[in-house]
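This briefing concerns the packing of helices and strands in a single model. Please keep the structure in view while reading.

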Amino acid sequence: MAPDFPEPRPALPQGPPASAPQGDLLFLLDSSASVSHYEFSRVREFLGQLVAPLPLGPGALRASLVHVGSRPYTEFPFGQHSSGAAVQDAIRAAAQRMGDTNTGLALAYAKEQLFAEVAGARPGVPKVLVWVTDGGSSDPVGPPMQELKDLGVTVFIVSTGRGNLLELSAAASAPAEDHLHFVDVDDLHIIAQELRGSILDAMQPQQLRASEVTSSSFRLAWPPLLTADSGYYVLELAPSAEPGNVRRQQLPGNATGWAWVSLDPDTDYDVELVPESNVHLVRPQYLRVHTLPEEAGPERIVISHARPRSLRVSWAPALGPAAVLGYHVQFGPLLGGAAQRVEVPAGRNSTTLQGLAPGTAYLVTVTAAFRSGRERALSAKACTPDGERSRAPRPQPPGAGGREP
C-alpha cells in the first residue's frame, strides 16, 4: 500500500476569483477654521475628482462625507447617493463648517454612527476611511483611530503638508508608505489615480487580507464566510521555507479576524484560512505575508561640525528601515536645563542642532520609532566650543598707545 502523504500546499498564494469591488467609503474632511477657504475648495474639488469614476451604487460602493469641526457633521450618509455623479454633486455643495479641529471626536462618531452595524452599516463588506487634513488636531487621534482599524477599517490619510510625520504614519494603515500621502493642496490631482486604485484594491470582497505588519506580528481580516451556527474556521500559519512547521488556530464561524504574534523578522509566512461547514462548501483562502526586518536601534552616534551654538549629529540608521516611522533627537545640557526635541524623517540619519550655548556639555539621545509602537534609543555626550573672544581693542589710558622714541 502506498504511504499516505499530506496534500501539497499551493505553490503560490491564491485567492478567490476577482469580483466587483464593494464596501463603504467614508471621507473625513477637515472643515475647521484652521483650513482656509481656498484650501477647503481645492480639497472639495479633489474629492469630487476622486469619486467620479468609482462604481457607486446598490450592491457596490457606498460613500459618506463627515466634516471635522468643533462637532462632527454628516454631509451625507451611506446609501443616500447611488451614483458617482450624485456623490460628486453632493461634495461640490458641501459648505465649510469652521470651529475647532476635533478629529478624534469625529473618528469616534464615525465608528458609532456610520461603521457600526447597529447604525445600519452593511456587515461583511470592506470599509475604508479617507482622512483629508492639514495635519493638526485639537484632540487625540490615536485611540479612536485604532478602534476603527480594529474593526477592519483601512485608513488612508492625505495631508496637505503640515502634519506630524510620526503621528500621521501611526494613524494610517500599515504600511504607511502605501496609505499616507503628503502633498501640496494645489497638487492633489497628482495622487488621485493612485489613491483611487488603492481604494478599489481595499474594496475587493471575499479577500483574506493582512494589515498592521511588524517585525514580529501581523493582523488578518476576512469577510464573514460562515456564521456561528454554520461552522468554524481552521487558520494555519507556516514559514514559507519550513512548510512543516505549522501553527494552527481554530476560530468560531462568526470570527472575521485574528492576529499572529511571536513571529520571526524578515520572513515569508504562508497563511491558509479553511472554512469548515456541513451547511455549504466554502473554498479555503491563501495569503503570503512578509514580516518586516528586525527592529534594531540606531548605532554609532557621531558628533561633527561643532560650533559655539550648533553641532551636527549623525548615526548609523536603524536596521529594518521599512519598519521605521522616523527618528526623534532629544538634547539638553548635562548640568540641567530644558531639553529640546527635533523630529527627523525615516529616510535621513543626521540633523543639525541649533540654538546651543557655547562651552556647554550636552546629552544627545537618538530614538528610532517603529510601526509596532516600540522604540530603540542610543545616547552620546557632545560639547560646544567656547565662543570667540571679542577682538575689539581695550580702552587705553590717556597718553598711552604710542611707540617709545
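In this predicted model, Gly-104, Leu-107, Ala-108 and Lys-111 of helix H3 meet Pro-144, Met-145, Glu-147 and Leu-148 of helix H4, where contact means heavy atoms within 4.5 Å. By class, this contact has 5 nonpolar, 1 polar and 2 charged residues; Ala, Val, Leu, Ile, Met, Phe, Trp, Tyr, Cys and Pro count as nonpolar, Asp, Glu, Lys and Arg as charged, and the others, Gly among them, as polar. Local features need pLDDT of at least 70 and side-chain atom pairs count only at pLDDT 80 or more, whereas totals for chains, interfaces and linings use all residues. Residues are numbered from 1 along each chain as its sequence is written, and side-chain values use heavy atoms, with hydrogens and water left out.

**Helix pair**
- The axes of H3 (residues 103-113) and H4 come within 8 Å and cross at roughly 25 degrees; axes are lines fitted to C-alpha atoms, for helices over the stretch in contact, and angles run from 0 to 180 degrees between N-to-C directions.
- H3 and H4 are therefore roughly parallel to each other (angles under 35 degrees).

**Sheet**
- An open sheet of mixed pairing holds 6 strands in the order E3-E2-E1-E4-E5-E6; pairing requires at least two DSSP bridges between two strands, and strands (E, at least two residues) and helices (H or I, at least four) are DSSP runs numbered from the N terminus.
- E3 (73-76) and E6 (180-182) stand at the edges with a single partner strand each, so one side of each lacks a neighbour in the sheet.

**Helix on the sheet**
- H4 (residues 142-150) lies across E4 (127-133) and E5 (153-159), at about 135 degrees to E5.

Technical notes: Angles under 35 degrees count as roughly parallel, over 145 as roughly antiparallel, 65 to 115 as roughly perpendicular and the rest as oblique.
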